[in-house]
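Here are some notes to read alongside the model. They start with the overall picture and then move to a few places worth a look.

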Amino acid sequence: MKQSLLRLQQLLMQLADDAKQADLANKNNKAHYYLHDQPLFDEKLFPIASSSYNVYVSYTQKRLAHLQKLLNSNKAEVANMMFQGLEEQVMALINAIKSNDNRHHDGDYRLDRRNRLNKLKDKHKQPSAAHRKAATKIILPSQQLYQKLSEYHGFERRLLDMVQEKQDNLNRCKADSQNSKDIQQQLLALHQRLGRCRKAISEVEKQIEDSETSR
């Protein structure tokens, strides 16, 4: 137990530095706006809710100190049970910090898309009478494009749900487990599918923009 506790202490010392760097990077990342009010972990794993890694690290450090007090009081059975839960939390933190960049892929995309849509709205804010008249000639193609766009967004939402599910599973796994490696591969494949889906969305949005520009 002493060796195991020492290992956790060392991991938490490193995690404290990693958490500060990750939190600082998130603070400076505009895409983090879409995640700033979302807790990092499931409530079954941590009974606290925060978007800051440092908050969770501090929580585990306090639990570790309490665990040491239990051992000093010869309450080994309770300490062993607490140690297992603490180890799971530390491993989840390691995985989550390593995956911090992946968590922001969706936010980066949404930020970029919002900027592009805002530019499009500004460009076509006040269409002329000639433009409105010409628009009647391309209503059907536009409807088809918007229908296709809606379908692609449906695919995107389902993929995002799958990514979140895999991310939650990864956060609950030990960093060095085979299961963790398998989930990381599955997560990578999902991100690749999501990337292809979003490329298709961008292409349709560009077609819609070209269609509206030609009115």
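1. A contact here means heavy atoms within 4.5 Å. With that in hand, residues 24 or more positions apart account for 76% of the protein's contacts that have a separation of 6 or more.

2. A word on where this comes from: the model is predicted, local features need pLDDT of at least 70, side-chain atom pairs count only at pLDDT 80 or more, and totals for chains, interfaces and linings use all residues. Residues are numbered from 1 along each chain as its sequence is written, and side-chain values use heavy atoms, with hydrogens and water left out.

3. Along the sequence the pattern reads α-α-α-α-α-α-α-α. Of the 215 residues, 37% count as buried; that word means under 20% relative accessible area, with exposed being over 50% and partly exposed in between (1.4 Å probe, protein chains only).

4. Now for the rings. Rings of Phe, Tyr and Trp (its six-membered ring) pair if their centres lie within 6.5 Å, and planes under 30 degrees apart are stacked, over 60 edge-to-face, and the rest tilted. By this rule there are five aromatic pairs. Take F41 and Y56: their ring centres are 4.8 Å apart and the planes sit at 75 degrees, so this pair is edge-to-face. F41 lies in the loop between α1 (2–27) and α2 (53–72) while Y56 is in helix α2, so the pair ties together parts 15 residues apart in sequence. F41 is buried at a relative accessible area of 6%, and Y56 is buried at 0%.

5. Y56 also pairs with F46, again edge-to-face, at 4.9 Å centre to centre and 75 degrees between the planes. This pair links distant parts of the chain, with F46 in the loop between α1 and α2, and Y56 in helix α2, ten residues away. F46 is buried, as is Y56. Ring pairs join F41, F46, Y56 and Y59 into a cluster.

6. How do α2 and α3 run relative to each other? The axes of α2 and helix α3 (residues 76–98) come within 10 Å and cross at roughly 160 degrees; axes are lines fitted to C-alpha atoms, for helices over the stretch in contact, and angles run from 0 to 180 degrees between N-to-C directions. That makes α2 roughly antiparallel to α3, since angles over 145 degrees count as roughly antiparallel, under 35 as roughly parallel, 65 to 115 as roughly perpendicular and the rest as oblique. The contact includes Y53, Y56 and Y59 of α2 and M82, F83 and L86 of α3. Its residues divide into 17 nonpolar, four polar and one charged (Ala, Val, Leu, Ile, Met, Phe, Trp, Tyr, Cys and Pro are nonpolar; Asp, Glu, Lys and Arg charged; the others, Gly among them, polar).

7. α1 packs on α3 too, at about 35 degrees with the axes 10 Å apart. Among the residues that meet are L8, L11 and L15 in α1 and F83, L86 and V90 in α3.

8. Last stop: H153, which sits in helix α7 (residues 139–171). H153 is buried, with a relative accessible area of 15%. H153 and C197 are 44 residues apart in sequence, and their C-alpha atoms are 8.4 Å apart in space.

Conventions: Helix = DSSP H or I, 4+ residues; strand = E, 2+ residues; numbered from the N terminus.
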